[in-house]
Amino acid sequence: MNIVHLNEINSTNDYVKKNMSELKNLTAVYADRQTSGRGRLERKWIDSGEDNLFLTIVIKPDTDDLKNIPNLTQYLSVVLSMVLEEEYNLKPQIKWPNDVLINGKKIAGILAEGTTQGGKFQGMALGIGVNLNTKSEQLDLIDKPATSIFNELGVNVNREKFLEKLLEKFCLLYDNFITDGFPFIKKYYEQRAMFLGKEITINILGELHQGVAQGVTEKGSLVLKENDNNRVYYIGDIL
Ligand code: BT5
C-alpha cells in the first residue's frame, strides 16, 4: 500500500475525495489532526489527539465489477475486529452496519463516500477513525458511550504499528472480498454481531422501527422481525 501522512487536515475523507484523480488504488491517507472529521449524516467525528487514528483508504478497483463496493464498510469493521482480537486480546462487537464497540462503547466509526467523474464511479474514500489512546476525560466529552484501546487496557498504543497491522489485514483478505463480497465475510461478521437475536430499535432517516434482529442477508442487510413480518433494511442506525 502507498501511504500518505498529513499533519493537519479538515477531513481525510475530504482530502481523498478532492485528490481522487491523482491518488492510486489502495493508498492509505492518515493525519495527525483532523479539524472537521465527519460521521454519517453530517454528524461529527471527535479528534481527541494526534495519537489516535484518522485514516482514509483510497478504493479505485481496476475492474468493472463494483457490486461489492457497498459492503466495504462492513469488511473494514471485520478487519478492525480481527486486529483488536489478535493484537490486543480485546472482544470487539459489531453493531449493524459497521460500528465497532468494546463492552458496548464505540471504539471506531467508519464512513465511506464515493466520487464520480463524467457520471461514472471514480473511487471511494473509505474512512475510519479509531480511538487508540484517548483518555477517559476526553471520552466523557463524546455524546455517546465511547472507549479507546488505552481506556480498556491501560497501555499506550503505537499508532504506526497499529496502522501497519490494520493495513496488512485489510490487504490480506481484500482480493477475496472484492470478488466474493459479503458472503466471504458473513461468518466472521455474524460471530461478532452483538445485535443478532435481540429486540432492537432502528432509525431509518428519522423513522423508528422496532423488532427482533433475525440476521443479515447475503448482501449485509438487516432482517428485522416486526409484528411477525420479516423486513429487510439496507441503511439505518441501531439505537
Ligand atoms: C461514524 O459516523 O461513526 C463514522 C466516523 C468516521 C470517521 C473517520 S475519521 C477518518 C475519516 N475522515 C472523516 O472525516 N471521517 C472518517 P456515525 O455512525 O454517524 O457516528 C458519529 C457519532 O459517533 C457521533 O455523533 C458521536 O455520537 C460518536 N462519536 C464521535 N466521535 C467519536 C469518537 N472519537 N469516538 C467514539 N464515538 C464518537
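Domain bounds in this report come from an automatic or database domain assignment. On that basis the chain is divided into domain 1, covering residues 3–191, and domain 2, covering residues 199–238. The structure is a predicted model, in which local features need pLDDT of at least 70 and side-chain atom pairs count only at pLDDT 80 or more, whereas totals for chains, interfaces and linings use all residues. Residues are numbered from 1 along each chain as its sequence is written, and side-chain values use heavy atoms, with hydrogens and water left out.

## The chain as a whole

The chain holds six helices and twelve strands, where helices (H or I, at least four residues) and strands (E, at least two) are DSSP runs numbered from the N terminus. Its radius of gyration is 17 Å, close to the 18 Å that the globule rule gives for 239 residues, so the chain is as compact as a globular protein of that length. The radius is taken over C-alpha atoms, and the globule rule is 2.2 Å times the number of residues to the power 0.38. Along the principal axes, the C-alpha atoms fill a box of roughly 50 × 45 × 35 Å.

Of the 239 residues in the chain, 52% are buried; here buried means under 20% relative accessible area, exposed means over 50%, and partly exposed lies in between (1.4 Å probe, protein chains only). The chain exposes about 11800 Å², and carbon and sulfur atoms supply 47% of that area. Such areas come from the Shrake-Rupley method with a 1.4 Å probe, and for residues only the protein chains shown count as cover.

Contact means heavy atoms within 4.5 Å. Among contacts between residues at least 6 apart in sequence, 61% join residues at least 24 apart. As for charge, the chain has 28 positive and 32 negative side chains, and the centres of the two sets lie 2 Å apart. In this count Lys and Arg are positive and Asp and Glu negative, while His and the chain ends are not counted; the place of a charge is taken as NZ of Lys, CZ of Arg, CG of Asp or CD of Glu.

The centres of domain 1 and domain 2, taken over C-alpha atoms, are separated by 24 Å. The contact takes 13 residues from domain 1 and 14 residues from domain 2.

Ile 235 is found in the loop between β11 (229–233) and β12 (237–238). When residues up to four places away in sequence are not counted, Ile 235 touches Trp 96, Ile 204 and Leu 205. Trp 96 is itself joined to Pro 97 by a cis peptide bond, with omega about 0°, and Pro 97 lies in the loop between β4 (92–95) and β5 (99–102).

## Residues with a positive phi

Leu 26, although it is not a glycine, has a positive phi of about 60°. Leu 26 is found in the loop between α1 (12–18) and β2 (27–34), and it counts as buried at 18% relative accessibility. Asn 103 is likewise not a glycine and has a positive phi of about 50°. This residue is found in the loop between β5 and β6 (105–117), and at 58% relative accessibility Asn 103 counts as exposed.

## Contacts around three further residues

Phe 150 is found in helix α4 (residues 149–153), and at 22% relative accessibility it counts as partly exposed. Apart from residues up to four places away in sequence, Phe 150 touches Leu 132, Asn 133, Thr 134, Lys 135, Val 155 and Asn 156. Thr 134 is also among the residues touched by Ser 48, together with Phe 54 and Gln 138, again not counting residues up to four places away in sequence. Ser 48 has its place in the loop between β2 and β3 (53–59), and it is buried, with a relative accessible area of 10%.

Phe 184 lies in helix α6 (residues 182–192) and counts as partly exposed at 22% relative accessibility. Leaving aside its neighbours within four places in sequence, Phe 184 is in contact with Leu 173, Asn 176 and Phe 177.

The table sets separation along the chain beside the C-alpha to C-alpha distance for several pairs.

| Pair | Separation in sequence | C-alpha distance |
|---|---|---|
| Ile 235 and Ile 94 | 141 residues | 15 Å |
| Phe 150 and Asp 32 | 118 residues | 18 Å |
| Phe 184 and Ile 142 | 42 residues | 34 Å |
| Ser 48 and Ile 185 | 137 residues | 31 Å |
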